[in-house]
Amino acid sequence: MEDTKIVLSESELPQCWYNINPDLPAPLPPPIHPGTGKPLGPADLAPLFPMELIKQEMSMDPWIEIPNEVRDVLRLWRPSPLYRAHRLEKALGTPARVYYKNESFSPPGSHKPNTAVAQAYYNKQEGLKRIATETGAGQWGSALSFACQFFGLECTVYMVKVSYHQKPYRRSLMETWGATVYASPTNLTNAGRGVLEKDPDSPGSLGIAISEAVEDAATHDDCHYSLGSVLNHVLLHQTVVGLEAKKQLEIAGEGLPDVICGCVGGGSNFAGAAFPFVKDKLNGADIDIIACEPEACPTLTRGLYHYDFGDTAMLTPLVKMYTLGHGFVPAPIHAGGLRYHGDAPQLCLLVKEGVIAARAYHQIPCFDAAVQFARTEGFLPAPETSHAIRCGIDEALKCKETGEEKCIMIAFSGHGFFDLGAYDSYFAGDLEDYEYPQEKIEEALQALPPFENPVME
Ligand SMILES: *Cc1c(COP(=O)(O)O)cnc(C)c1O
């Protein structure tokens, strides 16, 4: 048998992140102010983010050096292994060669600490004492808690109340890494108090938790805010994944892959794995790069490319992206990390330009794929990750029909050890597939802000 896992030494951890901004096939529409429609400047973002991250957000340098202090923490689990899925291939009877880049070995169990560590570092450098953030199911909150602990920063996490009670072990994990976790809405912020006055039993929502974390950061000089996906600098930090994978595929004798599949919530793990290969595609390489999302939240496949708010509470700047409307209310699917109404602007632009394809999947076939994967390869995928696996398996099965010996790479974003309740529901036959109704999409799109383009002076 050829090698099962392709590992790199610590010294081969990338020295630089790959910034896709200068290579984008069209200019990226800037974030704009919701009142005036004018592009935001660095000063608008300074109360929330350190200047180094704001610079990265707007940078046109193709490569940005990774500070040694960041690389020293990433070394705990990076470079992550690239696996050849020999046993899955055999079970499928496919002539395709299937690989997966396994991000589940980080202490929090997903790709998210790749950016959390960098963000904590730049906040520490700028003299901040504390970072506030929101978390839904807890993956982002645990990644940031872990990262803050390593740089001696305090971490305040506003966790959606219903998840706080339903996922107590994620909270325990964050507290073990030293974070303070509140069930949101709290009575500590104006945003939270406003909600509690109207509804003392509010289960909370990601929108409310964002408002609380942003208010906390904006009203305390020693505190910043941090976001785990969507923004350019977050996608930038994730490119270590694809840069490592590229070297590993070369070692495996593959060169470039024919197909790349990844799941998309806000777009960060997908972009991290795919963007270094997008550069090759723009230079003429023939690669199918497929972004996978739930049918219950079909942002890229059925949304509109338009300026919209990043949050439900309409507090953020407007960004140009595919959107289901900021009023989108997700169905209770188990891939909690894939229920965002928008997606990263860089990714959306590449879908708009036809460089990246998008596909939507129902959750039951995704769990079918996840279980087949766990039973052949051993690793238990997060429900989010199962969308990428469904796509990879479908592509491998197509090769079985056509006889094509394609090289397929799956972005394995994280493990599902905290999601076994979802697997239980699947095995009990309690899962339902939801398709988002077209009327709802059209209704939500009526409420989009009126800007097609930035208003220029
Ligand atoms: C958060 C999460 C996602 C979705 O977020 P992206 O920013 O789209 O990557 C996917 N997989 C796992 C395991 C996650 O924790």
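How far from an oxygen atom of the ligand does a polar side-chain atom of Lys112 lie? The distance is 2.5 Å, which falls within the limit for a polar contact (a pair of N or O atoms within 3.5 Å). This is a predicted model, in which local features need pLDDT of at least 70 and side-chain atom pairs count only at pLDDT 80 or more, while totals for chains, interfaces and linings use all residues. Residues are numbered from 1 along each chain as its sequence is written, and side-chain values use heavy atoms, with hydrogens and water left out.

A polar backbone atom of Gly265 is 2.6 Å from an oxygen atom of the ligand, and for a polar side-chain atom of Ser268 the corresponding distance is 2.7 Å. The ligand exposes 380 Å² when taken alone, and the protein buries 96% of that (accessible areas by the Shrake-Rupley method with a 1.4 Å probe). Around the ligand there are 19 residues, of which Lys112, Ser229, Gly265, Ser268 and Ser413 come nearest, where a residue counts as near if one of its heavy atoms lies within 4 Å. This shell divides into 13 polar, four nonpolar and two charged residues, with Gly counted among the polar ones.

Turning to helix α15 (residues 345-352), seven of its eight residues are buried, so the helix is largely enclosed by the rest of the structure; buried means under 20% relative accessible area, with a 1.4 Å probe and protein chains only. Helices here are DSSP runs of H or I with at least four residues, and strands are E runs of at least two. The buried residues of α15, among them Pro345, Cys348 and Val351, pack against α11 (232-238), α13 (268-282), α14 (299-302), β12 (304-309) and β13 (318-323), contact meaning heavy atoms within 4.5 Å. Just after α15, Gly354 takes a positive phi of about 80 degrees.

Terms used
Polar contact = N/O pair within 3.5 Å; in protein donor to acceptor, adjacent residues only side chain to side chain. Buried < 20%, exposed > 50% of the residue type's maximum accessible area, 1.4 Å probe, protein only.
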